[in-house]
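Before reading the paragraphs that follow, please have the sequence and the structure side by side, so that each residue can be located as it is named.

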Amino acid sequence: MSTKPMRIRASVKDGVTEVKALIAHEMETGQRKDANGAVIPAWFITELTATHNGKPVLVSEFGTAVSKNPYLAFRFKGGAAGDKIAISWKDNKGESRTDEAAIA
Amino acid sequence: MNNQRRNVLKTGTGAAVLGALAAAGMIPNVALAAWNKAAFEAKSMADTLKALGAVQPADSSDVQVTGPDIAENGAVVPVGVDSKIAGTTMVAILIDKNPNALAASFMLPAGTEANVQTRVKMGQTSNVYALVKAGDKFYMATKEIKVTLGGCGG
């Protein structure tokens, strides 16, 4: 299944870069049941890494309790306008996706 | 027998290379193995803390859980963690009453501020804990978030 692009916004102010990301993912917990009572298998992002010009600035692990279409906001020191922010995730089905944005 | 591979795996640099590759998403299997399964599948707070290696975290007023007092929709609860403890390297969000307590954990490389916001699902009204690691020590803070509508099925 193909995945949708995530939305990444990054801005730098006083030497601190704030990154906000909205990731398109079902984040199915594996606890819900469909109309026939069958359990919908878990499908969620397990790992997510954000890099600034190739250097990791946030390495996270998700469980099923992260909401559908996860939102993430964090800040790191450094960064300049035009620098590249890349976020990549991997889910429990082995799918992955990477998207990039430039710091505004 | 592929000896070279074994040698690479044996040496420390090999591990570093693997780590770099895993971070770049080149070796999905290795990376998946790195996911802390025990911690995420632990049911209770105590088991989760044990799986994370956090023994008796100290309550700290320098750590803060941000979030609403009442969440109308348990499927989308904005939760953030803010730590003022210098040298915070890890931040985790735990939800006491969820089927699996651990919601997410974040490793913070040097330079990244210990201030992370995300959105989580909550099955019911529960205490939300922020677990923070600085140096070798663990610190914790808590906040109760009331949920009017559960976010886990139904």
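In this predicted model, the largest nonpolar core holds 65 residues, and the members that touch the most other members are A:Phe62, A:Phe74, A:Ile87, B:Phe106 and B:Leu131.

From the core we turn to the charged side chains. Side chains of opposite charge can pair when their charged atoms come close. Over all chains, the count comes to nine salt bridges, and three of them are described here.

The side chains of A:Lys84 and A:Glu100 meet in a salt bridge with an N to O distance of 3.9 Å, which falls inside the cut-off of 4 Å used for such pairs. This pair links distant parts of the chain, since A:Lys84 belongs to strand E6 (residues 84–91) of chain A and A:Glu100 to strand E7 (residues 96–102) of chain A, 16 residues apart. A:Lys84, with a relative accessible area of 45%, is partly exposed, whereas A:Glu100 counts as exposed at 52%.

A second salt bridge joins the side chains of A:Asp99 and A:Arg97, here with 2.7 Å from N to O. A:Asp99 has a relative accessible area of 13% and is therefore buried, because the limit for that class is under 20%.

In chain B, the closest N and O atoms of B:Asp69 and B:Lys143 are 2.9 Å apart, and the two residues form a salt bridge. B:Asp69 lies in the loop between strand E2 (63–66) and strand E3 (70–73) of chain B, while B:Lys143 lies in strand E9 (residues 137–149) of chain B, so the pair ties together parts that are 74 residues apart in sequence.

The model scores ipTM 0.90 and pTM 0.81, and chain B averages a pLDDT of 81, with 75% of the residues scoring at least 70. Over residues 11–33 of chain B, however, pLDDT stays under 50, and the model has 15 contacts beyond four places in sequence for this stretch. Where pLDDT is low, the predicted coordinates should not be read in detail.

Key. Residues are numbered from 1 along each chain as its sequence is written. Chains are lettered from A and ligands numbered from 1 in the order in which they are written. This is a predicted model: local features need pLDDT of at least 70, side-chain atom pairs count only at pLDDT 80 or more; totals for chains, interfaces and linings use all residues. Side-chain values use heavy atoms; hydrogens and water are left out. A nonpolar core is a set of buried Ala, Val, Leu, Ile, Met, Phe, Trp, Tyr and Cys residues joined through side-chain atoms within 4.5 Å. Buried means under 20% relative accessible area, exposed over 50%, partly exposed in between (1.4 Å probe, protein chains only). Helices (H or I, at least four residues) and strands (E, at least two) are DSSP runs, numbered from the N terminus. pLDDT is the predictor's confidence in each residue, from 0 to 100. Contact means heavy atoms within 4.5 Å.
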